[in-house]
Amino acid sequence: MHISMFNVPNSSPTVAVVGLGRIGLPLAVQYARHGWSVVGCDSNPHVVESVNDGSSPILGEPELETGVLNMVATGRLSATVDTTEAVRQAAVVIVVVPVVVDARQEVAFAAVDNATAAIGAGLQPGTLVIYETTLPVGTTARRFRPLLERASHLQAGRDFNLAYSPERASSGHVFRDLRLYPKVVGGIDEQSAATARAFYRSVLEADILTMASTDEAEFVKLVEATYRDVTSALANEFACYAGACGVDAAASIAAANSQLYSHIHAAGSCISVYPYFLLTGVFDEPLPQLRMLIGSGT
């Protein structure tokens, strides 16, 4: 247990995890395993009831079922539908509420905005708030910061710390990925970044990569996720071509990947949403040049 390494004005060793989905619930277990008292928050009462009964509502995640059972039994993990009250008790708030693209190909912020308002209503001086949800560049600093400040009547960077750290784990491999991949962190200021680093050092064994800002950390996630989407789409095009030619796409891709600069993914399903996150950056001015560039395919 490394809680002594984490130093914030609020001395309560409690973390509130907002959003107990396929990433949020494993994160809650991860933090509880490292000695934190964890309160998981979710709007679904069935999820909350399941966790409080020591049962994971999520299937197919190695280590999760026994992790929930053990951490609830030790008293280090509980769940609630009352996000505001959980945040009042917390030194750290981790936000893992999904942000999706709607039918008009626009980023839908409603769920995470509602969660942010509930967090702000319970926010106390000295608390660290970290968003891990995939977001358009600029969202943490220019959308969530003012929402939190209005709801809490506190000032980010002075009264509370605010950071962004993209989740880099895949469903079905979350605990493995937490051990494997470096943790990317960016704060709205140096103090927020340092406090976020200290928290993650208390709950992870992986290296920590500190970015210059929350904007930069948000962009990291979009770069890696868009690369995956584009590469998967390209692999599917190769598979279609191979089918028309009567050749083995998988064998050809594997052979091509033996060269240092080829990293083609296996062909399969591809739901490309992250380019729309790139187009929805929260800036003072819109990005018409970027929209034209992506729209032209250049």
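Of the 298 residues in this protein, 48% are buried, where buried means under 20% relative accessible area, exposed over 50%, and partly exposed in between, using a 1.4 Å probe and protein chains only. The model is a predicted one, so to speak of local features takes a pLDDT of at least 70, and side-chain atom pairs count only at pLDDT 80 or more, while totals for chains, interfaces and linings use all residues. Residues are numbered from 1 along each chain as its sequence is written, and side-chain values use heavy atoms, with hydrogens and water left out.

Let's start with the overall build. The protein has 12 helices and 10 strands; these are DSSP runs numbered from the N terminus, with helices being H or I of at least four residues and strands being E of at least two. If you take contacts (heavy atoms within 4.5 Å) between residues at least 6 apart in sequence, 75% of them join residues at least 24 apart.

Now for the inside. A nonpolar core is a set of buried Ala, Val, Leu, Ile, Met, Phe, Trp, Tyr and Cys residues joined through side-chain atoms within 4.5 Å. The largest one has 40 residues, and Tyr31, Ile94, Phe199 and Tyr200 have the most contacts inside it. Helix α1 (residues 24-33) gives the most to this core, with 6 residues. Another core, of 35 residues, lies apart from it and includes Ala86, Ala115, Ala217 and Val220.

Phe199 and Tyr200 are also among the buried residues of α8, along with Ser192, Ala193 and others. Leucine 204 counts as buried because its relative accessibility is 10%. Leaving aside residues up to four places away in sequence, leucine 204 touches Gln30, Leu178 and Lys183. Leucine 204 and tyrosine 31 are 173 residues apart in sequence, yet 8.4 Å apart in space, C-alpha to C-alpha.

Here are two helices side by side, with the expected span taken as 1.5 Å times one less than the number of residues.

| Helix | Length | First to last C-alpha | Expected span |
|---|---|---|---|
| α6 | 14 residues | 18 Å | 20 Å |
| α8 | 14 residues | 20 Å | 20 Å |

Thr139, Thr140, Phe144, Leu148 and Ser152 are the buried residues of α6, and what covers them includes α5 (110-122), β7 (128-131), β8 (161-164) and α9.

The axes of α6 (residues 139-152) and α9 (residues 214-245) come within 8 Å and cross at roughly 115 degrees. Those axes are lines fitted to C-alpha atoms, for helices over the stretch in contact, with angles running from 0 to 180 degrees between N-to-C directions. On the α6 side the contact is made by Thr139, Thr140, Ala141 and Arg142, and on the α9 side by Thr214, Asp215 and Glu218.

Histidine 153 follows α6 and has a positive phi, near 60 degrees. Histidine 153 lies in the loop between α6 and β8 and is exposed, with a relative accessible area of 70%. Glutamate 63, in the loop between α2 (45-52) and α3 (64-74), has a positive phi near 80 degrees. Glutamate 63 counts as partly exposed, at 31% relative accessibility.
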